[in-house]
Amino acid sequence: MKTTRGLSRREFESRFGTNEQCMEFLTNQKWEGGFICRVCHHSQSRVGKKCQFKRCKKCGTEESPTAHTLFHKVKFDIYKAFGMVYDILTSKKGANTIWLAERYEVSQNTAWLFKRKIQAYMGSSKNNLLSGIVHVDEFEIGTPKTGQQGRSATENKSRVVIAVEILNDGKVGNAYGQVIKDFSTKSLKRIFDNQIDTNAQVVTDGWRGYSPLKRIYKRLTQELSNEGKNFPEIHIQIRNLKNWLRGTHSFCEAKTLQDYLNEYFYRFNRRNHRQNIVENGFLKRFLKAKSLTYYEIINLAT
Ligand SMILES: [Zn+2]
């Protein structure tokens with residue numbers, strides 16, 4: 001498989017360091033297959049009233065390069081928005097909103113909203129099912145009650161199940177996490193349905209909630225957990241995930257937890273080629289994404 005190093009921050013800034021560069025990139029990506037008017041489907045356009053807008057020659061409708069993308073109606077410089085996407089997707093531990101707000105000189109609320117938009121598209125495509133040996137384990141994590149900052153005595157417990165692929169050389173492959181409301185078979189089944197190949201050699205602990213899944217996952221086996229010692233890889237992953245959630249993102253409510261899990265595993269599954277955001281089409285995915293409204297973002301409950 002061809003791997004490229006991807007763009008370093010310096011290279012990224014030289015390509016996407018100004019509003020003009022970002023708009024030109026958006027224009028090229030958006031209309032790479034030619035212009036089609038969204039109103040009348042006519043394919044001829046001329047330059048619009050504003051620079052880089054396209055105006056339909058037939059009906060006169062104008063479209064901006066940012067319309068129908070993640071960058072629609074972004075109220076700050078577009079090069080800053082590109083920079084935030086780069087930081088969130090490529091940095092080892094992600095970028096929290098306090099840091100983003102300082103770096104890009106926007107309000108924390110602005111940084112938080114934009115980050116939530118990006119997170120909304122970091123969920124698994126469900127195209128790469130985990131296969132081979134897959135360890136599955138469930139755990140609880142404290143999440144602050146709505147409106148409370150940080151951890152407190154009154155925090156809620158959220159339940160999570162994670163699935164980790166173990167490669168032939170013993171190293172960890174891809175992994176996914178899913179917020180669940182309880183440890184019932186029905187709840188646990190979600191991560192199996194969405195992320196695990198039915199031929200996978202799934203190994204779980206002895207919890208009875210997994211047993212009925214053997215009807216679908218014929219190779220599922222259960223091992224009694226020896227205080228986690230017999231599942232070292234998945235326990236390292238759970239510990240890392242918990243540390244990341246508590247450290248970088250101390251304010252993570254239950255209803256946004258799934259988005260944080262998606263963000264974590266998005267980066268985790270690309271840990272060897274995080275910086276290839278242009279070459280691998282990661283950036284394209286975000287350009288094509290529909291921008292969410294504020295209302296949609298605050299209601300992104302799982
Ligand atoms: Zn038209």
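This report covers helix packing, strand pairing and a few single residues in a predicted model.

**Overall makeup**

The protein chain has 302 residues, of which 32% count as buried. It holds 10 helices and eight strands. Consider the contacts in the protein chain with a separation of 6 or more: residues 24 or more positions apart account for 57% of them.

**Helix packing**

Two packed helices are described by the angle between their axes and the distance between the axes. Helix α3 takes part in both pairs below.

| Helix pair | Angle between axes | Distance between axes |
|---|---|---|
| α3 (residues 78–90) and α5 (residues 108–119) | about 60° | 11 Å |
| α2 (residues 19–30) and α3 | about 70° | 7 Å |

Take α3 with α5. Their axes pack at about 60°. That angle makes α3 oblique to α5. The crossing of α3 past α5 is right-handed. On the α3 side, the contact uses Ala 81, Met 84, Val 85 and Ile 88; on the α5 side, it uses Phe 114, Lys 115 and Ile 118. Six residues of this contact are nonpolar, none is polar and one is charged.

Now α2 with α3. The angle here is about 70°. The two helices are therefore roughly perpendicular to each other. Asn 19, Cys 22 and Met 23 in α2 meet Ile 78, Tyr 79 and Phe 82 in α3. The contact of α2 with α3 divides into five nonpolar residues, one polar and no charged.

Strands of a sheet pair through backbone hydrogen bonds, either parallel or antiparallel. In this model, three strands form an open sheet in the order β1-β2-β3, and the pairing is antiparallel. β1 (45–47) and β3 (62–63) are the edge strands, each pairing on one side only. Three bridges link β1 with strand β2 (residues 54–56) in the antiparallel sense. Across that pairing, Ser 45 stands opposite Cys 56 in β2.

Strand β1 also contains Arg 46. Arg 46 has 12 other C-beta atoms within 10 Å, so it is exposed. Leaving aside residues up to four places away in sequence, Arg 46 touches Arg 55 and Lys 57. Glu 62 is 16 residues from Arg 46 along the chain, and their C-alpha atoms are separated by 9.4 Å.

**The β5–β6 hairpin**

Strand β5 (residues 156–166) and β6 run antiparallel and are joined by seven bridges. Val 161 stands opposite Gln 178 in β6. The hairpin of β5 and β6 has five residues between the strands. There, Gly 170 takes a positive phi near 85°. Strand β6 (residues 172–180) is mostly covered, with seven of its nine residues buried.

**Asp 193 in helix α6**

Helix α6 spans residues 185–195 and includes Asp 193. Asp 193 counts as exposed because it has 12 C-beta neighbours inside 10 Å. Asp 193 and Ile 216 lie 23 residues apart in sequence. In space, the C-alpha to C-alpha distance between Asp 193 and Ile 216 is 9.9 Å.

Conventions: Residues are numbered from 1 along each chain as its sequence is written. This is a predicted model: local features need pLDDT of at least 70, side-chain atom pairs count only at pLDDT 80 or more; totals for chains, interfaces and linings use all residues. Axes are lines fitted to C-alpha atoms, for helices over the stretch in contact, and angles run from 0 to 180 degrees between N-to-C directions. Helices (H or I, at least four residues) and strands (E, at least two) are DSSP runs, numbered from the N terminus. Angles under 35 degrees count as roughly parallel, over 145 as roughly antiparallel, 65 to 115 as roughly perpendicular and the rest as oblique. A crossing is left-handed if the near helix is turned anticlockwise from the far one by less than a right angle, and right-handed if clockwise. Two residues are in contact if their C-beta atoms, placed from the backbone, lie within 7 Å. Ala, Val, Leu, Ile, Met, Phe, Trp, Tyr, Cys and Pro count as nonpolar, Asp, Glu, Lys and Arg as charged, and the others, Gly among them, as polar. A residue is buried if 20 or more other C-beta atoms lie within 10 Å of its own, exposed if 12 or fewer, and partly exposed in between; C-beta atoms are placed from the backbone. Two strands pair if DSSP finds at least two bridges between them.
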